[in-house]
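Biologist: Could you take a close look at the salt bridges in this model, and tell me which residues pair up and where in the chain they lie?

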Amino acid sequence: MEKERVLDVQNLHAVFKIQKKEYEVLHDISFSVDRNETVCIVGESGCGKSVTTLCVMGLLPKNGRITKGSIKLDGDEIAGLSEKEIRKYRGSKMGMIFQEPMTALNPLLTIGYQLRENLMLHRGVNKATADKMAVEYLTKVGIANPADRLKQYPFQLSGGLRQRVLIAMVLSAQPDLLIADEPTTALDVTIQKQVLTLLNELKKDMNAGILFITHDLGVVAEIADRVVVFYAGRKVEEGNTLQIFKNPKHPYTIGLMNAVPDVDKDEFVIQPIPGMFPNITEDIPGCRFSPRCPHADECALCRSEAPALKEIEPGHFAACHLIDQEAAS
Ligand code: SF4
């Protein structure tokens, strides 16, 4: 079956202005999401993964701007559209689930009112049909007693239920792209697992692409078809889930893997990545990971030249001088 591209981000650069000076927060970012595919962007806090979603949604803060590159949604260029223009896409063609659902739900309105308004706006149905569909959508996301829940306000629901309501709200608009930014981080482990299972089931059902942002490799293993690893505003590795977990190539990806405990072993040792994540105002010559990389002294170029992304095997890319060195030897 031929893949259908829903989101295509190419050579994206973005800056933030801090005290009259602009700093690059995204550098030459390219990736794509196909229909019925879940792509996870993974990396530490501040690596640019959330900024990327804000660029796609047209929600960059006032001090941020895209300086170069293209973002195509269903083939339409959406990078740099005005607020009025991007509203035609936001909510209908692309929907977003946040870490804290209260960011998106109105605390003063019942769940039923909000879901009905969303259905009337995005699906063009009348009030009676919207009310019926609201019950169906709550059932779809596994909420028991949906008719009673619709009468409640967001504060009357638990965090897990609120996240399910938000997922129902986003899905009810039938988006082509679902963006989920750390949607399970605030939930306890059992509820987190339920929400991930739900998203996996819904992916088949809703015929959309999912862009999932997380810092948690356990979550990536549960949900991703493909993984994009970010470090300090750059893409450092990309591959399918098996390639990234079984054969990580970039020292940063390997460091992330080593920082996760292996519960299958009797004794496990967590090896945190040494050093601090760089500040965006920091100017680091060469590879941005070099101050923390255990191999930075093995190659003369590490501290002087930024490594380019290379394809190691079909669909598996990494940006590291050592890979070039290994290939040449
Ligand atoms: Fe480490 Fe050098 Fe590779 Fe950067 S280019 S990750 S410093 S080995």
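**Salt bridges, within and between domains**

Modeller: Asp225 forms a salt bridge with Lys203, and the closest N and O atoms of the two are 2.9 Å apart. This pair links distant parts of the chain, since Asp225 is in the loop between helix H8 (217–223) and E9 while Lys203 is in helix H7, 22 residues away. Asp225 is partly exposed, with a relative accessible area of 32%, whereas Lys203 counts as buried at 10%. A salt bridge here means a side-chain nitrogen of Lys or Arg within 4 Å of a carboxyl oxygen of Asp or Glu. Buried means under 20% relative accessible area, exposed means over 50%, and partly exposed lies in between (1.4 Å probe, protein chains only). Helices (H or I, at least four residues) and strands (E, at least two) are DSSP runs, numbered from the N terminus.

Please keep in mind that this is a predicted model, in which local features need pLDDT of at least 70 and side-chain atom pairs count only at pLDDT 80 or more, while totals for chains, interfaces and linings use all residues. Residues are numbered from 1 along each chain as its sequence is written, and side-chain values use heavy atoms, with hydrogens and water left out.

A search of the whole structure finds 19 salt bridges, and one of them joins Arg226 to Glu37, with the closest N and O atoms 2.8 Å apart. Here too the chain is bridged over a distance, because Arg226 is in strand E9 (residues 226–231) and Glu37 is in the loop between strand E2 (21–34) and strand E3 (38–42), 189 residues apart. Arg226 is buried, with a relative accessible area of 16%, and Glu37 is also buried, with a value of 9%.

Another pair is Arg116 with Asp131, whose closest N and O atoms are 2.9 Å apart. Arg116 is in helix H3 (residues 111–123) and Asp131 is in helix H4 (residues 127–140), so that 15 residues separate them. Arg116 is buried at 17%, but Asp131 counts as partly exposed at 31% relative accessibility. There is also a network of salt bridges that links Glu4, Arg35, Asp74, Lys93 and Asp176.

The chain is divided into domain 1 (5–93 + 175–284) and domain 2 (107–174), with bounds that come from an automatic or database domain assignment. In all, 16 residues of domain 1 are in contact with 12 residues of domain 2, where contact means heavy atoms within 4.5 Å. Across this interface the rule finds 1 salt bridge. Asp205 forms a salt bridge with Lys140, with the closest N and O atoms 3.4 Å apart. Helix H7 (residues 189–206), which also holds Lys203, gives the most to the side of domain 1 that touches domain 2, with 8 residues. By class, that side has 10 nonpolar, 3 polar and 3 charged residues; Ala, Val, Leu, Ile, Met, Phe, Trp, Tyr, Cys and Pro count as nonpolar, Asp, Glu, Lys and Arg as charged, and the others, Gly among them, as polar.
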